[in-house]
Amino acid sequence: MSGEGKDIRLEGVAVVGLACRFPGAPDAKTFWRNLCDGVESVKHFTDEELLAAGVESSALEDPNYVKSRPQLNNIDLFDANFFGFTPREAEIMDPQHRFLLECVWEALENAGYDSEQFPGRISLYAGSNISTYLLNNLLTRPELRGRGDHQHILLGNDKDYLTTRISMKLNLKGPSVAVQTACSTSLVAVHLACQSLLDYEADMAVAGGVSIEVPQQGGYYYQEGGILSPDGHCRTFDAQAKGTLFGSGVGVVVLKRLGDAIAEGDRVVAVIRGTAINNDGSEKVGYTAPSVRGQAEVIAEAQALGGVEAWTVGYVEAHGTATELGDPIEVEAL
């Protein structure tokens with residue numbers, strides 16, 4: 001085994017491939033450019049657009065109805081034949097399942113690997129949001145009842161089947177685990193994927209998450225004291241921060257043990273030195289907000305496991321809900 005005789009947990013895990021789709025960014029290069037340029041990828045709808053999408057006129061007259069939402073393009077498109085699905089299977093499959101499958105394939109291609117030909121084991125850890133496609137589309141269609149589609153609907157929409165379907169379609173023979181930890185799902189998926197590599201359960205690992213809300217063409221109701229923004233803008237760590245808003249997106253990374261990646265000539269995009277997860281128990285400020293101590297402890301643990309001194313850290317990507325409650329907690333923990 002490569003890395004034998006070394007402390008591989010200090011050696012690190014290499015990111016060798018990635019793929020993503022976000023509002024205003026169909027790929028990673030565009031997403032990074034948008035971040036650098038300060039692009040706000042939020043769609044602000046006109047009344048005509050919302051009425052055409054089926055929003056009630058009474059909602060448009062409500063002062064608490066915010067006519068904004070980050071919008072992900074082409075959620076209705078899918079190359080079913082390429083992945084071996086019938087048109088009917090594709091029609092009743094949650095876009096979250098479709099998009100994650102496509103991005104896992106794209107991420108592996110970005111890493112330079114054909115999963116069908118890969119000689120080792122590839123693990124997959126990923127999670128999704130609840131299937132609003134099922135709730136707001138399929139369950140409202142009476143023609144689907146009694147047609148024998150129940151099993152296909154279940155397999156194509158339930159979170160439990162998100163990863164194993166992809167592993168089957170792409171011939172991934174390592175552990176395949178659907179991860180669910182709410183907002184931290186993708187990060188926990190990366191942590192578990194790293195562990196699968198460090199424990200030699202797999203030779204390569206894929207990790208990520210997806211959240212696509214259906215319908216996308218619509219706003220939301222603002223409630224004072226809630227987490228949502230009153231005006232459709234998210235001002236994280238700003239004095240004017242009043243709340244966040246939820247959009248859609250998918251992100252996937254391909255991981256390998258750093259020694260293996262170097263030995264095999266992979267393009268190393270980044271190196272993960274250490275990861276850690278924990279829980280606040282009953283010390284949370286509220287059920288939807290972490291404690292300062294719990295967050296500080298998990299950061300310190302990740303640094304210790306990675307052998308990273310705090311003073312060497314030059315850039316931190318934060319959660320940043322843009323709320324008066326959450327932002328100060330995160331800053332104090334850091």
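This is a predicted model: local features need pLDDT of at least 70, side-chain atom pairs count only at pLDDT 80 or more; totals for chains, interfaces and linings use all residues.
Are Glu102 and Arg21 buried or exposed? Both are buried.

The side chains of Glu102 and Arg21 form a salt bridge, with an N to O distance of 2.7 Å. Glu102 sits in helix 6 (residues 95–111) and Arg21 in strand 1 (residues 13–21), so the contact ties together parts that are 81 residues apart in sequence. The pair also belongs to a network: salt bridges link Arg21, Glu102 and Glu106.

Next, turn to Glu213 and Arg69. These residues form a salt bridge whose closest N and O atoms are 3.3 Å apart. Distant parts of the chain are linked here, 144 residues apart. Glu213 lies in the loop between strand 7 (204–211) and strand 8 (220–221), and Arg69 lies in strand 4 (residues 68–69). Glu213 has a relative accessible area of 31%, so Glu213 is partly exposed. Arg69 has a relative accessible area of 10%, under the 20% limit, and therefore counts as buried.

Now look at Arg257 and Asp203. Their salt bridge has its closest N and O atoms 3.6 Å apart. Arg257 is in strand 9 (residues 249–257), while Asp203 is in the loop between helix 10 (185–198) and strand 7, so the bridge ties together parts that are 54 residues apart in sequence. Arg257 is buried, with a relative accessible area of 2%. Asp203 is partly exposed, at 31% relative accessibility.

These pairs are examples from a longer list. The count for the model comes to 15 salt bridges.

Terms used. Residues are numbered from 1 along each chain as its sequence is written. Side-chain values use heavy atoms; hydrogens and water are left out. A salt bridge is a side-chain nitrogen of Lys or Arg within 4 Å of a carboxyl oxygen of Asp or Glu. Helices (H or I, at least four residues) and strands (E, at least two) are DSSP runs, numbered from the N terminus. Buried means under 20% relative accessible area, exposed over 50%, partly exposed in between (1.4 Å probe, protein chains only).
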